[in-house]
Amino acid sequence: MQNCHTEQMNTDKRKFKILHFYLFASKSSFFKHLSFIPIFLLLLSVFSCSTNTNIDFYANETFEREKKYLPSESGIVWQKIDSVDWAEYFYFENPGHPLRYHCVKINLSNPKISIKTFPGTENDFTHKKESNTGYFTGVTAKEFSEKTGSKIVVNTAPFSRKNGKRRICGVHIANKTELSKPIERYAAITFTKNQNEEGYTAKIIRNQHADAFTDCDFAFGGFFQILSDSKKISDFADIKDSRTALGLSEDKKTLYILVVEGERKSKSTGLSYNDCADIFLCLNVADALQMDGGGSSSLFINGRNILSYSTLRKNAVFLGFY
């Protein structure tokens with residue numbers, strides 16, 4: 001979607017071309033006996049109105065300034081999820097602006113909860129000459145959901161691609177086994193099994209230092225931390241897109257999943273990192289980080305895609321709860 005300044009520049013260029021044509025034609029001997037004023041005014045009015053009328057820039061500015069992407073206190077209604085007693089779901093849609101996002105709240109201390117991930121072992125990687133190349137095929141959210149029987153499925157780490165294969169960018173640890181090495185400039189989230197074997201305690205790591213992952217059972221790399229101790233880290237560009245983000249309560253025992261739709265701009269424009277941080281603050285989240293977004297953003301609940309469009313991309317990493 002073009003911004004207001006870009007669209008206005010394009011309109012001004014069209015006006016200039018029309019004016020240039022008019023001045024040339026009015027001096028031409030062929031056209032000198034014709035009256036161009038009515039024609040010129042008609043053309044000018046037509047092309048001046050060629051700005052995309054589906055974009056209300058004043059409304060967008062108001063939407064941002066008044067933070068209408070935030071739910072009201074009365075608008076946050078957590079719904080129970082069928083056959084899952086450790087998670088709840090919340091959906092937001094703004095009727096006055098194309099925006100949709102989904103939130104899942106998970107009680108990590110519930111003794112019934114378990115974690116699944118892809119890749120789970122080195123066997124999930126593509127091997128060449130009996131050695132791990134680091135590149136592998138990847139799976140869709142649906143494939144992972146069906147294979148593991150996970151009740152909640154969300155994408156996590158960013159990845160690079162080569163010849164149709166994926167390679168994880170950043171740390172990935174599954175059942176205490178490191179399957180991808182840390183990248184220090186990125187953040188991560190860890191899950192550690194409680195000593196009583198009942199549930200997990202999670203932690204968000206701002207920078208992926210190797211010594212930060214010595215005791216965890218699972219670690220999922222992301223992009224950048226956006227909340228720390230309930231304070232925004234506001235040094236990010238205001239770019240709207242599909243988003244996947246994870247947040248934690250102050251006691252690290254409740255996980256919040258936020259997935260923002262942004263692949264169909266007419267239905268949902270997407271949000272920025274800062275917008276996501278604002279939403280998490282409304283949910284009393286203390287720490288949060290951004291995961292891979294864009295076309296990678298995926299959310300399945302009870303084996304069903306929750307987003308309003310299909311998510312067919314094969315991602316490098318998924319996190320599942322069952």
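The following legends describe close-up views of a predicted model.

In this predicted model, local features require pLDDT of at least 70 and side-chain atom pairs count only at pLDDT 80 or more, whereas totals for chains, interfaces and linings use all residues. Residues are numbered from 1 along each chain as its sequence is written, and side-chain values use heavy atoms, with hydrogens and water left out.

**View 1. Helix H4 and its buried face.** Helix H4 spans residues 141-148, and its residues Ala-141, Phe-144 and Ser-145 are buried (under 20% relative accessible area, with exposed meaning over 50% and partly exposed in between; 1.4 Å probe, protein chains only). Seen down the axis of H4, the buried residues fall within an arc of 100°, so they line one face of the helix; the arc is that of the directions from the helix axis to the C-beta atoms. Glu-146 and Lys-147 are exposed on the face turned away from the buried side. The buried residues of H4 pack against strands E4 (115-118), E7 (152-155), E20 (299-301) and E22 (318-321), contact being heavy atoms within 4.5 Å. Helices (H or I, at least four residues) and strands (E, at least two) are DSSP runs, numbered from the N terminus. Just after H4, Gly-149 adopts a positive phi of about 70°.

**View 2. Strand E7 and its partners.** From E7, Ile-152 and Val-154 point one way and Val-153 and Asn-155 the other way, and all are buried. E7 runs antiparallel to E20, joined by 3 bridges, and Val-154 stands opposite Leu-299 in E20. With E22, E7 pairs in the antiparallel sense over 4 bridges; the bridge partner of Ile-152 in E22 is Phe-321. Pairing requires that DSSP finds at least two bridges between two strands.

**View 3. The open sheet of 8 strands.** The strand order is E1-E2-E3-E18-E17-E19-E15-E16, with antiparallel pairing. Strands E1 (79-81) and E16 (231-232) stand at the edges, each with a single partner strand, so one side of each is left without a neighbour in the sheet. E1 and strand E2 (residues 84-93) run antiparallel and are joined by 3 bridges; Val-84 in E2 is the bridge partner of Ile-81.
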